[in-house]
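Me: I'd like to learn how to read a protein model feature by feature. Could you walk me through one?

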Amino acid sequence: MLAEFIDFADSVLPSVSPDSRDAAKEAIAQFEKDGHQINYLLASVLPELSQGDIISEVPFAYFDDDGMQRIFSSEAMVISTSCHIDQKDKILLVPVLPLDEFQRNADDLKRNRIFDFMYIPDNPLSKKYICFNVMTSYSKDLILGGIKSGKLTRIASLNQIGYYFFIIKLTVYLMRKEDPDTLDCRNVGVL
């Protein structure tokens, strides 16, 4: 899965040198050949709430095609950077949804070929996926207070590989290179 994602990221973010890309893929292939499975999550949560952490169910809201507000609850991934969690009043979250409710190509999802979503094969996330296209912010005090009181639970934290994978997925989703037509339009009037 990770080697295929490197190819995918390379096609979207072509600034990665071919030597670096191929070396990373070779290292992954050797790791998997030796019978190891890449883990993306730590065995236990980090000491403090951090970027990429998964927490128990919180409400999310969105507006449907008719302009009606819809609300649902799901586990959530923390998108805010760890320093924002320390210094700001809001925490940005995205939902973690059941895999069996995914209505598109689940194989593409599991291979992380779809920009909007992230799949992590480790338990407890192996039957879930992260959805970047529904984001919401919460009061930091509300989330941290919920964790302290036991109303919310910290479920998982990313390890270093998982964290870098998350950063690349989020970058591809939010900051990938624009299409040539849009870039040409942006270039109008530039000296």
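Reply: What follows is a short tour, from the overall fold down to single residues. Keep in mind that this is a predicted model.

Me: Let's begin with the fold. How many helices and strands does the protein have?

Reply: The secondary structure comes to seven helices and seven strands. Along the sequence they follow the pattern α-α-β-β-α-β-α-β-β-β-α-β-α-α. For contacts, look at the sequence separation: among those with a separation of 6 or more, 65% join residues 24 or more positions apart.

Me: And what share of the residues counts as buried?

Reply: Of the 191 residues, 37% count as buried. The protein exposes about 11500 Å², and carbon and sulfur atoms supply 52% of that area.

Me: Fine, aromatics then. How do I read a ring pair?

Reply: A pair of aromatic rings is described by the distance of the centres and the angle of the planes. The structure holds eight aromatic pairs. One of them is Tyr 40 with Phe 165: the centres are 5.4 Å apart and the planes are at 45°, so the pair is tilted. Tyr 40 lies in the loop between helix H2 (18–33) and S1, while Phe 165 lies in helix H6, so the pair ties together parts that are 125 residues apart in sequence. Both Tyr 40 and Phe 165 are buried.

Me: What about Phe 117 and Tyr 129, at what angle are their planes?

Reply: Their planes are at 90° with the centres 5.4 Å apart, so this pair is edge-to-face. Phe 117 belongs to strand S4 (residues 117–118) and Tyr 129 to strand S5, so the pair ties together parts that are 12 residues apart in sequence. Both Phe 117 and Tyr 129 are buried. If you want a cluster, look at Phe 60, Tyr 62 and Phe 72, which form one.

Me: On to charges. How many salt bridges are there?

Reply: The test is a side-chain nitrogen of Lys or Arg within 4 Å of a carboxyl oxygen of Asp or Glu. By this rule the count comes to five. Asp 53 and Arg 154 make one of them, at 2.6 Å from N to O. Asp 53 is in the loop between H2 and S1 and Arg 154 is in strand S7 (residues 154–156), so the pair ties together parts that are 101 residues apart in sequence.

Me: Are Asp 53 and Arg 154 buried or exposed?

Reply: Both are buried. Now try Arg 111 and Asp 107, whose salt bridge comes to 3.2 Å from N to O. Arg 111 counts as partly exposed at 27% relative accessibility, and Asp 107 counts as partly exposed at 39%. Asp 108 forms a salt bridge with Arg 113, with the closest N and O atoms 3.4 Å apart.

Me: Where should I look for backbone details?

Reply: Check omega and phi. A cis peptide bond joins Asn 123 and Pro 124, with omega about 10°, and Pro 124 lies in the loop between S4 and S5. Asn 112 is a residue other than glycine with a positive phi, near 55°. Asn 112 sits in the loop between helix H4 (106–110) and S4, and is buried, with a relative accessible area of 1%.

Me: Last one: which residues form a nonpolar patch on the surface?

Reply: Met 135, Leu 174 and Met 175 do, with about 300 Å² of accessible area together. Leu 174 is found in helix H6 (residues 160–175) and is partly exposed, with a relative accessible area of 48%.

How values were computed. Residues are numbered from 1 along each chain as its sequence is written. This is a predicted model: local features need pLDDT of at least 70, side-chain atom pairs count only at pLDDT 80 or more; totals for chains, interfaces and linings use all residues. Side-chain values use heavy atoms; hydrogens and water are left out. Patches are made of residues with over 30% relative accessible area and no salt bridge: like charges are joined within 9 Å, nonpolar side chains (Val, Leu, Ile, Met, Phe, Trp, Tyr) within 5 Å. Accessible areas come from the Shrake-Rupley method with a 1.4 Å probe; for residues, only the protein chains shown count as cover. Helices (H or I, at least four residues) and strands (E, at least two) are DSSP runs, numbered from the N terminus. Buried means under 20% relative accessible area, exposed over 50%, partly exposed in between (1.4 Å probe, protein chains only). Contact means heavy atoms within 4.5 Å. Rings of Phe, Tyr and Trp (its six-membered ring) pair if their centres lie within 6.5 Å; planes under 30 degrees apart count as stacked, over 60 as edge-to-face and the rest as tilted.
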